[in-house]
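Subject: The structure I mentioned

Hi,

Here is the structure I said I would pass on.

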Amino acid sequence: MGRWEPNARERLAEAALELYSERGFEQTTVAEIAKRAGLTERTFFRHYADKREVLFAGSSELRELFARAVADAPESAAPIDALAVGLDAVSGMFADRREHARKRQAVIMANAELQERELIKLASISAALADTLRRRGVAEPAASLTAEAGVAVFKVGFERWIVAAEEREMAHLMRDSLDELKAVTAGG
């Protein structure tokens, strides 16, 4: 094995997801992931802190993109409409990654520890969005309520997007889910 291998991080992530899908998260070791990727355990730990991190490595990027898009929404946008801008932005992160997202979500749903980690990720996104909305001048509790609603729309839209029979783009499903929320809150 050479000192440098191209795309090591991606190869490790793909190997981990394959093994988690085949054997289960708990039954898969870092050594097996590294071997499947044709790399060493040391290389694995150069890229990931632990085997859970393979599934959550993009969390901070997702949170930052969502918050930045909300912050950059037109000043005149209502808080919920600023969130719509954020939902459109994060939808772009998932372009051409539906099958990967389906596999990842199946692994997470099969393990309580990973489900908890997913909830922590969503709570972190909500906190970042609430902070961003407060900086936009939205008072409490409206900032926190809007942020939580935005995360709920993301979660529902994402779950709809990964359904096997679904073919529509994520952005379309996010907008549909946001429209449903608006209809519910308007009494429609």
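A word on terms before the fold: helices (H or I, at least four residues) and strands (E, at least two) are DSSP runs, numbered from the N terminus. Read that way, the protein chain goes α-α-α-α-α-α-α-α-α-α along the sequence, with 10 helices and zero strands. Please keep in mind that this is a predicted model.

**The chain overall**

The C-alpha trace spans about 60 × 35 × 25 Å along its principal axes. Of the 188 residues in the protein chain, 41% are buried. Looking at contacts with a separation of 6 or more, 63% are between residues 24 or more positions apart.

An α-helix has 3.6 residues a turn, so residues three or four places apart point the same way.

In soluble globular proteins, nonpolar side chains tend to be buried together. Here, the largest nonpolar core has 30 residues, and the ones touching the most other members are F66, L129, F154, F158 and W161. Two or more residues each come from α5 (59-71), α6 (79-93), α8 (112-135), α9 (142-161) and α10 (170-185). Which helix gives the most to this core? That is α9, with seven residues. If you click on F158 and ignore its neighbours within four places in sequence, you will find it in contact with F94, A101, Q105, M170 and M174. There is also a second, separate core of 21 residues, and L19, V30, A37 and L114 are among them.

**α6 against α9**

These two helices pack at an angle of about 35°, with their axes 10 Å apart, and α6 passes α9 in a right-handed crossing. On the α6 side the contact is made by P79, I80, L83, L87 and V90, and on the α9 side by T146, A147, G150, V153 and F154. How many of the contact residues are nonpolar, polar or charged? Eight are nonpolar, two are polar and none is charged.

E118 sits in helix α8. Is E118 buried or exposed? Its relative accessible area is 11%, and buried means under 20%, so E118 counts as buried. Apart from neighbours within four places in sequence, E118 is in contact with F56, R104, Q105 and I108.

R160 lies in helix α9. At 28% relative accessibility, R160 counts as partly exposed. Leaving out neighbours within four places in sequence, R160 is in contact with E166, R168, L173, D176 and S177. As for S177, that residue is 17 residues from R160 along the chain, and their C-alpha atoms are separated by 9.2 Å.

Happy browsing!

Notes. Residues numbered from 1 in each chain as written. Predicted model: local features only at pLDDT ≥ 70, side-chain atom pairs only at ≥ 80, totals over all residues. Heavy atoms only, no water. Core = buried A, V, L, I, M, F, W, Y, C linked by side-chain atoms within 4.5 Å. Buried < 20%, exposed > 50% of the residue type's maximum accessible area, 1.4 Å probe, protein only. Contact = heavy atoms within 4.5 Å. Axes fitted to C-alpha atoms, helices over the stretch in contact; angles between N-to-C directions. Left-handed = near helix turned anticlockwise from the far one by under 90°. Nonpolar A, V, L, I, M, F, W, Y, C, P; charged D, E, K, R; others polar.
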